[in-house]
Each structure stands twice: as C-alpha cells, then as structure tokens.
Amino acid sequence: MELAVISGKGGTGKSSISAAFATLSERVMVVDCDVDAANLYLLFHPTIHKEEIYVAGESAIIDESKCTDCGLCMTYCRFDAISEVNGKIIINETTCDGCHLCSRICPEQAITMVENNKSRMYSGDFRNGKMVYGKLAPGEENSGKLVAMVRDEARKTAKENNLDTIVIDGPPGIGCAVISSITGVDNVLIITEPSLSGIHDLKRTVEMTSKFNIKTWVLINKYDLNETATKQIEDLCVHLNINLAGKLPFDKKFVSAMINCQSIVEYAPESDVSKKIAQVFEKINQKPAER
Amino acid sequence: MKIAIGSGKGGTGKTLLSTNLFYAIHKQNQKITLVDCDSEEPNDMLFFKGEMVKTKTVTQKNPVIDSEKCVFCDKCNEWCNYNAIFYVKEKKVIRVLEDLCHGCGACSVACEFGAITEKDVELGVVNTFKVPVDSTIIETRLKVGVYTPVPVLKAGISEKIDTDHVIFDSPPGTSCPFIQTVERADYVILITEPTPFGLSDLRQSVETLKTMNKKYGVVVNRADLGDNALYDYLKSENIPLLMEIPFSKKIAEVYSRGELYAEHDEAFAQQLYSLYIKILKNHGISSN
C-alpha cells in the first residue's frame with residue numbers, strides 16, 4: 001500500500017504524522033518528497049548507501065567575448081530573464097527557465113547551457129526499514145521531476161526488499177511537486193487544521209486530488225483549537241464525499257518528540273494521540289482502495 | 001521599502017506576520033501594499049474586507065500544431081527542452097503535452113513550415129483589492145491543476161505599486177518561487193519556530209539569502225515551544241533576532257477565525273509597528 005501524506009497549507013503536521021506512520025511497523029519504506037524542505041532525515045538519521053545527482057534543468061550563460069550585445073536573445077526570451085544594463089546583455093540565472101531558445105537563435109553562438117546539478121537524491125536504511133529522499137538545491141525548479149525520481153527509487157527498493165508499505169511525506173501546496181507525489185498512489189491523506197486558511201487550502205487541495213481519482217482521506221490536526229471550524233471541515237468532508245480519517249488534539253508532545261529525534265509513537269507510545277494515529281493508519285490500511 | 005516575509009518550513013506564521021504587519025502599518029495611516037505571493041495557497045485576503053478593483057488573467061502561450069502542415073521533420077521536438085512534443089512519424093500523429101509545456105516559444109521559432117500557431121492558456125489570476133483607506137492587497141492565485149506558480153507570482157510582483165511600503169508574503173521553501181519573490185525585496189524577514197525542523201529549514205533560507213546578498217533578520221514564532229538550538233544558531237551566525245511571538249491558544253484561535261490578532265491586542269500591533277520602523281531606519285535604502 002502506497003500512502004501519500006499531503007496538505008495544502010504548510011505546518012499542519014505532515015512530517016510528524018508521516019514519521020509516526022513510518023514507525024508504527026517494523027518494516028516500511030518511508031519517502032520524503034518535500035524536496036524543498038526535507039526534514040524526516042533529521043528524525044531518522046538514515047545510513048545512506050546511494051547518492052545520485054539530480055539535474056534540475058539548465059541555465060543559459062553568455063560568453064562575453066563573443067557577445068555583440070545585439071539584444072536578439074532578449075526579444076525571444078519569454079521569461080524576462082535577459083536584460084540590457086548599460087548597453088550590456090545580461091542573463092539572470094535565477095529567472096532563466098532553461099528553455100534553450102536564446103542559445104539556438106544567437107547569431108554569434110555566444111550562449112551556452114549549463115546543467116543545474118546541485119540537487120541530490122539519497123537512499124538508505126533507517127531504524128524501521130528503508131528511506132529515500134530528495135534535496136532540491138536553493139533556487140532550482142522542476143521539483144516535480146525530482147519527486148518522480150525519488151519515488152521511482154523508493155518503489156524499486158521497496159520491491160527488492162519486500163516492503164509492502166510505502167509512506168510518502170509530501171510537500172505543501174498544490175503545484176507540480178504535490179501532483180508528482182500523489183500520482184499513482186493507493187491513498188492520499190490530507191492533513192488539515194481547523195482555521196479559515198486551513199479550510200481554504202483544503203478545498204483547493206481536494207479540487208486538485210479529485211482530478212486524479214485516488215482514494216482521499218482527511219485528518220484534522222489540532223482539532224480542539226477551533227471546534228467550530230472542525231465541525232465545518234467535517235461537514236465539508238461529507239459534502240465532498242471524502243473520508244474523514246480522524247481528529248487529533250493539539251499536543252505539545254509532538255514538539256518534544258521532534259526535539260528528541262523521535263516520532264510521537266516512539267516518544268510517547270502509550271499516549272492518547274499515538275493510539276489515535278495508530279487507529280487512523282489502520283483505518284486507511286484496511287479499507288481496500290476504491291478507484 | 002519592500003520587505004519580503006519568508007520561511008523555509010511551511011506553517012511557521014508567514015501569513016500571520018504579513019497580515020498583522022500590514023494591519024499595524026496601515027493603522028498608523030501609512031499607505032501600504034501587501035502582495036500575497038503564495039500563489040498555490042493564497043490566504044491573505046481571508047483576513048481583510050476589501051473591494052476588488054482589478055483582476056488580471058495570467059496566461060502563457062502554448063503551441064497548436066497543424067498536423068496537415070507538419071512535415072514531421074523533428075525540429076520542434078529537437079528544440080523543445082521540456083519533452084512536451086509527442087509524435088509518431090509513421091502514424092502522422094503529433095501532439096503537444098500541455099502539462100509539460102512551459103510556453104517558451106522555441107517550437108514555433110523552430111518550425112519552418114508554418115505548422116505551429118499559439119494559443120493562450122490560463123495559469124491563474126492576479127486580483128487587486130483596495131483596503132480602505134488607500135492601501136492595497138494584490139493576490140496571486142494559481143489555477144488548480146497548473147504545475148508552476150512562478151509566472152503568476154511574477155505577474156503579481158510586477159504590478160504597478162503606488163505605495164512606499166510594500167510587503168511580499170512569500171511562498172514557503174527556498175526554490176524558484178521563493179527566490180523570485182525575495183529578489184525584489186530590500187529586506188527579508190524570516191519567520192521560524194525553535195524546533196529541529198524549523199532550524200534546519202531556516203539554515204537553508206539563510207544560506208540562500210547569503211548567496212543573494214540580501215539583508216535579513218529572524219522572527220521566532222511559538223517561541224516557547226521548542227529548544228535552544230535555534231537561538232544558539234542565531235547567535236553564532238550573528239543573525240538579528242527581530243521579535244519573538246509566544247505560543248498562545250488565543251493567537252491560534254483568533255487566526256483560525258480569519259481575524260487579525262493585532263486588532264485584538266494593541267500591544268502586539270505596536271510591537272509590529274516598532275519592528276517595521278526599526279527595519280526602515282536601519283535598512284530603508286530606497287523606496288524602489
């Protein structure tokens with residue numbers, strides 16, 4: 001069973017809950033797909049066996065000795081990455097989309113493309129099984145492709161090691177990295193919180209997941225911070241025909257667990273929240289995925 | 001002065017800080033503009049009542065290939081750097097994979113047979129709201145299902161702004177959308193929490209801002225829920241600690257209702273305004 005844990009809004013507890021799921025069983029494949037802010041490795045300290053370079057596209061670079069500052073490239077660039085400063089043509093590396101067009105049309109062949117190769121994928125062992133994660137270098141794009149690479153590796157490793165359960169810690173938002181994190185999984189769990197922002201983001205997230213025909217669940221975290229909003233989310237789930245996986249109270253133990261580099265179920269196995277998380281996981285696991 | 005509010009980790013309080021800071025400055029009868037750059041999940045307008053005065057659709061130009069005119073020479077496919085052109089020469093089938101297309105225009109430049117025209121594809125909208133009196137909120141909103149927020153947020157920050165004070169509520173992370181946002185700012189406030197995740201993500205934001213030569217400081221949210229590692233880091237790196245916001249169920253609850261905490265707590269509003277004045281005094285280089 002492949003489960004992706006996502007949330008539109010950040011900071012609702014995706015990683016803490018993914019970590020809890022990953023430590024509920026002895027043999028699991030855990031995948032950190034929040035490649036822009038990968039954090040699970042901080043709790044799990046995996047032993048890395050494999051590190052691979054991820055090429056996040058290309059950037060254009062001008063050879064000033066060949067450039068005649070004709071500005072033709074500037075008229076073709078649709079990303080506003082090329083500008084003229086004091087008569088000199090300059091490419092802004094962070095704005096460049098790497099489409100290659102400028103280098104193809106440059107009459108002086110003064111523009112070349114260089115690979116953005118600072119991002120990485122890691123694969124290794126952690127205390128409850130295998131772990132794969134990605135780290136996108138600052139400023140780089142195409143995070144969805146790195147997520148796809150991370151998930152391919154995870155599926156392959158899971159198969160080789162007979163790991164039936166894959167838990168994916170997804171990124172926030174609704175863009176390409178999220179879409180890539182949920183494509184083809186059996187279950188999606190959206191972690192939300194009872195606030196106006198939480199509800200707004202939940203609606204957008206459900207709108208996005210509904211395009212993919214995947215069994216979708218909602219978990220309301222910190223539900224006791226605003227019980228009126230919690231009720232609204234419960235009603236929304238009924239209205240949108242989405243399964244409510246459960247509710248968790250606000251609990252400072254989540255923070256203490258993190259500081260101790262443990263998941264909540266490791267840190268406080270007998271606590272009420274840990275038991276509730278186990279129930280949620282069981283519920284999602286048991287019900288056969290309906291497509 | 002343009003201030004960007006960012007964080008590596010999501011949910012640390014960017015929107016809380018952006019909306020309340022906007023309120024605190026606005027309340028001092030200063031004209032201010034808030035740009036919600038978190039196009040994937042724009043939330044700032046949930047906290048304000050304002051009249052929408054303008055809406056702009058952000059589009060990109062995707063190719064349309066006429067398979068009658070196409071001679072299947074392969075050049076457009078060769079020029080496409082995003083694998084967005086699918087074709088089977090033998091079957092005379094050629095298609096654009098819209099989800100992969102970045103609208104760069106390379107294929108239409110490549111085509112020598114006039115087989116490629118272009119159409120506008122919607123990526124999202126930029127909505128401008130007037131908040132009485134004379135302040136503005138610009139919201140960037142990605143269309144659900146669109147892969148990248150960058151063109152929409154770029155359109156938002158490129159809107160003409162007629163106030164001296166500007167806040168950019170940045171998207172989380174340190175990838176392209178964050179860089180695009182902070183690049184236009186004179187100063188960056190990073191908001192984080194004193195947890196291992198918060199610290200790890202803050203480090204990444206700091207390293208990114210260093211390479212960009214940006215000035216920045218840190219606000220610690222839920223300051224009493226965590227450990228000291230974050231504070232040790234700030235000290236060792238000589239990063240200014242601008243303000244601490246304690247964890248309070250009251251703040252969480254007011255926020256959850258879509259209300260501004262600064263409206264309920266005069267001291268909090270004052271604290272935010274002082275923070276702004278201090279940044280302005282120390283770093284307010286120009287209003288552009």
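Tyr41(A), Tyr122(A) and Tyr133(A) come together as one aromatic cluster. That's a handy place to start in this predicted model, where a search over all chains turns up nine aromatic pairs.

**Where chain B meets chain A**

- Chain B puts 59 residues into the contact and chain A puts in 56.
- Between them, the two chains bury about 5000 Å², with 57% of that on carbon and sulfur atoms.
- Three residues stand out on the chain B side: Glu41(B), Val144(B) and Phe197(B) supply 15% of the area that chain B buries against chain A, more than any other three residues.

- The rule finds two salt bridges between chain B and chain A.
- One of the two salt bridges joins Glu118(B) to Arg78(A), with the closest N and O atoms 2.8 Å apart.
- Polar contacts between the two chains come to 32 residue pairs, counting pairs with both residues at pLDDT 80 or more.
- On chain B, the elements that each supply at least two residues to the side touching chain A are α2 (75-79), α3 (106-110), β7 (135-142), α4 (150-157), α5 (176-182), α6 (196-211) and α8 (249-256).
- Helix α6(B) gives the most to that side, with six residues.
- Sorted by class, the side of chain B that touches chain A has 22 nonpolar, 23 polar and 14 charged residues.

**Two aromatic pairs in chain B**

- Back to the nine aromatic pairs found over all chains.
- Phe22(B) and Phe48(B) have ring centres 5.0 Å apart and planes at 80°, so this pair is edge-to-face; the cut-off for that label is over 60 degrees.
- Phe22(B) sits in helix α1 (residues 14-27) of chain B, while Phe48(B) lies in the loop between β2 (32-36) and β3 (51-65), so to speak a link between distant parts of the chain, 26 residues apart.- Phe22(B) counts as buried because its relative accessibility is 0%, and Phe48(B) counts as buried too, at 12%; the cut-off for buried is under 20%.
- Phe72(B) and Tyr87(B) make a tilted aromatic pair, 6.1 Å centre to centre with 55° between the planes.
- This pair also links distant parts of the chain: Phe72(B) is in the loop between β3 and α2 of chain B, and Tyr87(B), 15 residues apart from it, is in strand β4 (residues 85-88).
- Phe72(B) is buried, with a relative accessible area of 2%, whereas Tyr87(B) counts as partly exposed at 23%.

**Thr192(B), a strand residue**

- Thr192(B) belongs to strand β9 (residues 187-192) of chain B.
- With a relative accessibility of 3%, Thr192(B) counts as buried.
- Leaving out neighbours within four places in sequence, Thr192(B) is in contact with Thr12(B), Gly198(B), Leu199(B), Leu202(B), Val218(B), Val219(B), Val220(B), Asn221(B) and Leu230(B).

**Lys281(B), a helix residue**

- Lys281(B) is part of helix α10 (residues 266-283) of chain B.
- Lys281(B) is exposed because its relative accessible area is 72%, and the cut-off for exposed is over 50%.
- Lys281(B) and Met212(B) are 69 residues apart in sequence, and their C-alpha atoms are 22 Å apart in space.

Definitions and conventions
Residues numbered from 1 in each chain as written. Chains lettered and ligands numbered in written order. Predicted model: local features only at pLDDT ≥ 70, side-chain atom pairs only at ≥ 80, totals over all residues. Heavy atoms only, no water. Contact = heavy atoms within 4.5 Å. Buried area = accessible area lost by both parts, 1.4 Å probe. Salt bridge = Lys/Arg side-chain N within 4 Å of Asp/Glu carboxyl O. Polar contact = N/O pair within 3.5 Å; in protein donor to acceptor, adjacent residues only side chain to side chain. Helix = DSSP H or I, 4+ residues; strand = E, 2+ residues; numbered from the N terminus. Nonpolar A, V, L, I, M, F, W, Y, C, P; charged D, E, K, R; others polar. Phe/Tyr/Trp six-rings, centres within 6.5 Å; stacked < 30°, edge-to-face > 60°. Buried < 20%, exposed > 50% of the residue type's maximum accessible area, 1.4 Å probe, protein only.
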